[in-house]
Amino acid sequence: MNWTMKSVTFALSFALGGGVFAAAVPAGVKLSDKQEMIRNNGAEVETLDPHLAESVGANNITRDLFEGLTTSDNEGRLHPGVALSWKQTDPTTWVFTLRKDAKFSNGDPITAADFVYGWQRFLDPKLASQYGTAYGIFVLNGLEVAEGKKAPLTLGIKAVDKYTLEVKTPNPISYLPSVLSNSQFAPVHKATVDKFGKDWTKPGNMVGNGAYVLKDWKVNSKIVIEKNPQYWDAKKTVLTKVTYLPVEAGNAELKLYQSGNNDFVYQLPAGQYEKLKKDFPKEIQNGPILGLRYYSLNNKDPMMKDVRVRKALSMVLDRDILAQKVTADGQIPVYGVTVKGLEGADVTTYDWVKWPMAKRVEEAKKLLAEAGVKPGAKIKFTYNTDDYHKKMALFASSEWKTKLGLNTELDSLEFKVLLKKRHDGDFQIARNGWLADYNDATTFLTLVQCGSSQNDNANCNKKAEELIKQGNDQQDAAKRKDLLTQAAKLIMDDYPMIPLLQYTLPRLVKPYVGGYSTKNPADRYLSKEFYIIKQ
């Protein structure tokens, strides 16, 4: 995840060195006798099947329960997972050598055939993974398999022998090892899936291969995982038990933290960052990450299908006020689909960003009038139940009301319901967000590409698609970057969505929790890297 050619080179040398990692406890640190942690996860998860996991919350847990060929540490650095080493034998061929001590949690060894089965299952359209088309582009015939145009057996993955795996890609992909750290590419235990069907992820049924095993799952209450003694790096895994909470409301989560019933705040309530910095100076944590807050516009909606309406709605939202006065936690205003620090494409923007707001409003009103939208018209905004998102939604509705005269109906839903409605196109304007799955522009472009399962806007720019294809076929990094930047600009000139802010990670972490880092650009924290310090 999140590392390009430079980082992959580092990872390769590490892999060849045969290094291992888990919790890196500094010398002199005394560990508590009780190694248990409670961490909030922001929402109830939609699934614990790694091939179906879509939300950040679900992936946080599946990365503890399952491990792919590669993995990452709590600073986002790539490391060997089930694969001990790897090499790119030609521009479109990678060969992975699997470690022989990797096992499933029931003791069965993991072989190259398990990855072949897992990837074929993940991309089989019968499974209907929302990540199928987004990740299918990285494996030869993967997109065609995900779209049902080719059989899963045609996928470009082959078990050369028991511990050697060959992967063919449709074009040169220098950062493939980082993509494969995502749990969608993890192996699953075929006999267990065959035996239990969709119930294979329930406690007592699940067989995984991560550092932890599932012990309990009470919907809307908690998910408990415990250390997996069969995990290849179990000796260096310190936490013995982790409890994930699904609390969405920021203030409720903060109260749990203050009462000692939560060690890890998922997200601070909007507008309280400065106060909490003073109240908890040794516990506050914050750092920029590769993430985008945005609002999806349903490009098929009768009103939103007019680009003039989409542009007008975007122009009048003052991101500076949103960042400085509303969320007030260090986030950065953005006007394109790509964010600062991302490899593979430059950040794009609009010429009107430099205009005075009065000129923006004047132009937006003109666009709405041309589109036949009159003051007093109603628009519907859908978001998931969370004080943070509600505060942002109220700000946006106020901007649209005071500057354009539009009336916004706010619709608050549980996160899982919002997720489904967005994918079903059952919305007009909806809250959305994205954290990079790896450090390359393609992870963000998937939000606005034709036919992508992550494109909730339902927009499509075929000229941009051709530029992306040309870019991905390029072996010259500079030329590829230029082509992908052109594509991103071309798509965003269609105003398919409203980019708002680049995420930061404002949260509280108890001082006795070791292993946390603010240098993690993807906000991925594996429980096996944490440890509890003796007080």
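Modeller: Helix 4 (132-136), helix 5 (142-146) and helix 16 (462-473) each give at least two residues to the lining of the largest pocket, helices being DSSP runs of H or I with at least four residues, numbered from the N terminus. The largest share of that lining, six residues, is supplied by helix 16. This is a predicted model, in which local features need pLDDT of at least 70 and side-chain atom pairs count only at pLDDT 80 or more, while totals for chains, interfaces and linings use all residues. Residues are numbered from 1 along each chain as its sequence is written, and side-chain values use heavy atoms, with hydrogens and water left out.

The largest pocket holds about 690 Å³ of space, a volume being the space filled by probe spheres set on grid points joined across faces, edges and corners. Of its 32 lining residues, Ile137, Leu143, Gln449, Glu465 and Asn472 are the closest to its centre. A pocket here is an open set of points on a 1 Å grid over the protein atoms alone where a 1.4 Å probe fits, with protein on both sides within 12 Å along at least five of seven lines, and lining residues have an atom within 4 Å of a point.

The end C-alpha atoms of residues 78-451 lie 30 Å apart.
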